[in-house]
Amino acid sequence: MDKKVYLLEDDRNIAELVKCALEMSNIAVECFETIASFTDAVEKAPPAAALLDIMLPDGNGLDVLPKLKQKYPAMGVIVLSALGQETDKVRGLNLGADDYIAKPFGVLELAARVNALLRRSGGSASLVRGDLTLDEDTMTATLRGVRLELNNKEFNLLKYLMQKEGKALTRENILNAVWGYDEGETRTVDNHVARLRKLGIDYIETVFGVGYKFVYRES
């Protein structure tokens, strides 16, 4: 997951203001005006964090929250809303928001809160592909919200495959990158891939005559 934030906000003036403020803090921002366009972008490339307005042309931003947190548990989410009553904030937080900021808000404060959220959630230290998340800081992996029991080699193998997504890798490539040697028993790679698949990770494809590649497929 790159250090990028997606902003779901249909007011273009607010969106531009937020975008400028965050980019001054070296945070890349992509803006969306509808839930449909936002969710489509998230499926293709999940961001490090999301900022959600509530009242949108095609629905309620809060309806997006539980789905985001279930599928992308490492993603930080901040709700931005003109609904600033305590009950509104409590509802947003209970639905999974990491923070709730009422409009109007100060853009400098918002930038500080987004930076704090990225630090807490790991930001670029996480790799996310759909329902699979790797947190490099804590050396943990989750699949569909369930933590996987991986040893160090399994974790590093999965990380390497994800980082090289779509690229066919020879067993020798993998041995060198994960185990640190060019020659050895390539069956070791096969055994570890089999273990990852047994845990439910079905994004690792066999490239016959070559080795393996990681290919994320939307369900």
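Which residues are linked with E9 in a network of salt bridges? The network joins E9, D53 and K103, where a salt bridge is a side-chain nitrogen of Lys or Arg within 4 Å of a carboxyl oxygen of Asp or Glu. The model described here is predicted, so local features need pLDDT of at least 70 and side-chain atom pairs count only at pLDDT 80 or more, while totals for chains, interfaces and linings use all residues. Residues are numbered from 1 along each chain as its sequence is written, and side-chain values use heavy atoms, with hydrogens and water left out.

Salt bridges make a friendly place to start. Side chains of opposite charge can pair when their charged atoms come close. The structure contains 13 salt bridges. In one of them, K103 pairs with E9, and the closest N and O atoms are 2.7 Å apart. This pair links distant parts of the chain, 94 residues apart: K103 sits in the loop between strand 7 (99-102) and helix 5 (107-121), and E9 in the loop between strand 1 (4-8) and helix 1 (12-24). Helices (H or I, at least four residues) and strands (E, at least two) are DSSP runs, numbered from the N terminus. Both K103 and E9 are buried, with buried meaning under 20% relative accessible area, exposed over 50%, and partly exposed in between (1.4 Å probe, protein chains only).

A salt bridge also forms between D99 and R113, with 3.1 Å between the closest N and O atoms. Because D99 lies in strand 7 and R113 in helix 5, the pair ties together parts that are 14 residues apart in sequence. D99 counts as buried at 18% relative accessibility, whereas R113, at 28%, counts as partly exposed. The two side chains also make a polar contact at 3.1 Å; a polar contact is a pair of N or O atoms within 3.5 Å, and within protein one must be able to donate a hydrogen and the other to accept it, with residues adjacent in sequence counting only if both atoms are side-chain atoms. Not counting residues up to four places away in sequence, D99 touches V77, I78, V79, L93 and R113, contact meaning heavy atoms within 4.5 Å.

Within helix 8 (residues 187-198), R187 and D190 are three residues apart, which means that about one helical turn separates them. Their side chains meet in a salt bridge of 3.6 Å, N to O. R187 is partly exposed at a relative accessible area of 47%, and D190 is buried at 13%.

Helix 8 also packs with helix 6 (residues 152-163), at an angle of about 85° and with the axes 10 Å apart. Axes are lines fitted to C-alpha atoms, for helices over the stretch in contact, and angles run from 0 to 180 degrees between N-to-C directions. Helix 6 is therefore roughly perpendicular to helix 8, a term for angles of 65 to 115 degrees. At this meeting, K153, E154, L157 and L158 of helix 6 come up against H192, V193, R195 and L196 of helix 8.

In helix 2 (residues 35-44), the buried residues are I35, F38, A41 and V42. They cover an arc of only 135° around the axis, so they lie on the same side of helix 2; the arc is that of the directions from the helix axis to the C-beta atoms. The packing partners of these buried residues include strand 1, strand 2 (28-32) and helix 3 (65-71).

Conventions: Angles under 35 degrees count as roughly parallel, over 145 as roughly antiparallel, 65 to 115 as roughly perpendicular and the rest as oblique.
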